[in-house]
Amino acid sequence: MSKIIKVGMADLNICKSPDGITTLGLGSCVGVALRDPVTKIGGLLHAMLPDSTVIKNNTCVEKFVDSGLDELVKRMVRAGANKARLEAKLAGGAQMFAFQRNSDLVKVGGRNAEAARKKLRAMHIRLLAEDTGLNYGRTVIYYPETGIYVIKAVGKPEKSI
Amino acid sequence: MDNNFGFEQIDSGYLDVLKEIGNIGAGNATTALAQMLQRKVDMKVPQATLLEFRDLGEAIGGEETIMAGVYMVVEGDIRGSMMFLLEKNSARHLANQMLGGFGDPNAEDFGEMEISVLQEIGNIMTGSYLNSLSDLTGLKIFPSVPEIAIDMAGAILSVPAIEFGVIGDRILMIQTRFTDDVDIDGFFILVPDLDSYHKIMKSLGMA
């Protein structure tokens, strides 16, 4: 029996096929899904903020795109994934409210998505597909067996990338 | 931001004070709602909690619950986020009632009129919440123009969570649920930053 492992906000986890991995209600946060297509080990990070280096209180590595991806890859490799084979898919990074006043946090969704692209590039992980931006929340489910990333949003047809 | 005041200083006594703030704020707001609707609306006992981000979804009844969320940034002596969340069916019900039956109760999406009405309800309710808090503490509180989103609760709450994420690894939240046991089910959430929290305590003679 396959199961679906749940990842919360500022959280990450790994799974192995046939299991899938999910995170619910991504808003401005991003969900970065990784897998090794040979060993079928997958992982998902639900990060809230782009950059751990500019913030003082950063003991929670899963909160940030950069430190979260480092940790996720480390855990996947420990579980038997090969770093050189990893491939990624990306979702989230929406702007939930039209006008968010706090200037530091304007367009944090877009900055999260950009940070994920940049970090993946730096780690030499291919980004195969993404569904980011706009103004709505997303629930995502990733299946390391196929690499299919299912995206659900309110009032929109389900899609797979 | 300079924080000489940290999470470790938050004990049950402080949380009790925050609960009382939720009690007074949400009490006034619930009264405002009851007056608007001319019916009885109950308020549950407020909760003041220091939550891990990953537990946030559970705390509001599931990340995927579709809700109408009215959000405003609070500035002045107290800084942070204020949210008013209504479960989708309650939101539709409230909007229809305010529109005197002109809304479409069976429509899948919310129309422009309904969204505008919900935004105004949110404005009135968060306004009365913050006013009573300001009266109690003598602190100046300036809410921004309210914004509305109708989406999954997790996605809506990611916005105040991210703001809090900048300063800490947990989120301090004063949450009050209100219901009329039939049609209305919603929450108020006040997320003060740590500096404001200290100021609230000081103004109440607690720190």
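Mentor: Start with a definition: two strands pair if DSSP finds at least two bridges between them. Keep in mind that this is a predicted model.

Trainee: How do you know that β4 and β6 of chain A pair?

Mentor: The cut-off is at least two bridges. Strand β4 (residues 30-36) and strand β6 (residues 87-92) of chain A have six bridges, so by that definition they pair. The sense is antiparallel. One position to look at is R35(A), which stands opposite E87(A) in β6(A).

Trainee: What makes β2 and β7 of chain A edge strands?

Mentor: Look at the order of that open sheet: β2-β5-β4-β6-β7 in chain A, with mixed pairing. β2 (11-16) and β7 (126-132) each have a single partner strand, so one side of each is left without a neighbour in the sheet. On average, neighbouring strands here are turned by 15° against each other, direction ignored.

Trainee: Which strands does helix α1 of chain A touch?

Mentor: Helix α1 (residues 65-78) packs on this sheet and touches β2, β4 and β5 (41-47) of chain A. Its direction makes about 160° with that of β5(A).

Trainee: Now chain B. How many helices and strands are there?

Mentor: Six helices and eight strands. Along the sequence the pattern is α-β-β-α-β-β-α-α-β-β-α-β-β-α. Of the 207 residues, 48% count as buried.

Trainee: Why is α3(B) called roughly perpendicular to α4(B)?

Mentor: Helix α3 (residues 88-98) of chain B packs on α4(B) at an angle of about 95°, with the axes 9 Å apart. The range for roughly perpendicular is 65 to 115 degrees, so the term holds for α3(B) and α4(B). A91(B), L94(B), A95(B) and M98(B) in α3(B) meet E114(B), V117(B), L118(B) and I121(B) in α4(B). By class, that contact has seven nonpolar residues, no polar and one charged.

Trainee: Why does the span of α4(B) agree with its number of residues?

Mentor: Helix α4 (residues 112-137) of chain B has 26 residues, which at 1.5 Å a residue should span 38 Å. The end C-alpha atoms are 37 Å apart, which agrees. After α4(B) comes G138(B), with a positive phi near 75°.

Trainee: What makes residues of α4(B) count as buried?

Mentor: The cut-off is 20 or more other C-beta atoms within 10 Å of a residue's own. Residues of α4(B) that are buried include V117(B), L118(B), I121(B), Y129(B) and L133(B).

Trainee: Last, how many residues does the contact take from each chain?

Mentor: 33 residues from chain A and 31 residues from chain B. Strand β3 (residues 20-26) gives the most on the side of chain A, with three residues.

Key: Residues are numbered from 1 along each chain as its sequence is written. Chains are lettered from A and ligands numbered from 1 in the order in which they are written. This is a predicted model: local features need pLDDT of at least 70, side-chain atom pairs count only at pLDDT 80 or more; totals for chains, interfaces and linings use all residues. Helices (H or I, at least four residues) and strands (E, at least two) are DSSP runs, numbered from the N terminus. Axes are lines fitted to C-alpha atoms, for helices over the stretch in contact, and angles run from 0 to 180 degrees between N-to-C directions. Two residues are in contact if their C-beta atoms, placed from the backbone, lie within 7 Å. The expected span of a helix is 1.5 Å times one less than its number of residues. A residue is buried if 20 or more other C-beta atoms lie within 10 Å of its own, exposed if 12 or fewer, and partly exposed in between; C-beta atoms are placed from the backbone. Angles under 35 degrees count as roughly parallel, over 145 as roughly antiparallel, 65 to 115 as roughly perpendicular and the rest as oblique. Ala, Val, Leu, Ile, Met, Phe, Trp, Tyr, Cys and Pro count as nonpolar, Asp, Glu, Lys and Arg as charged, and the others, Gly among them, as polar.
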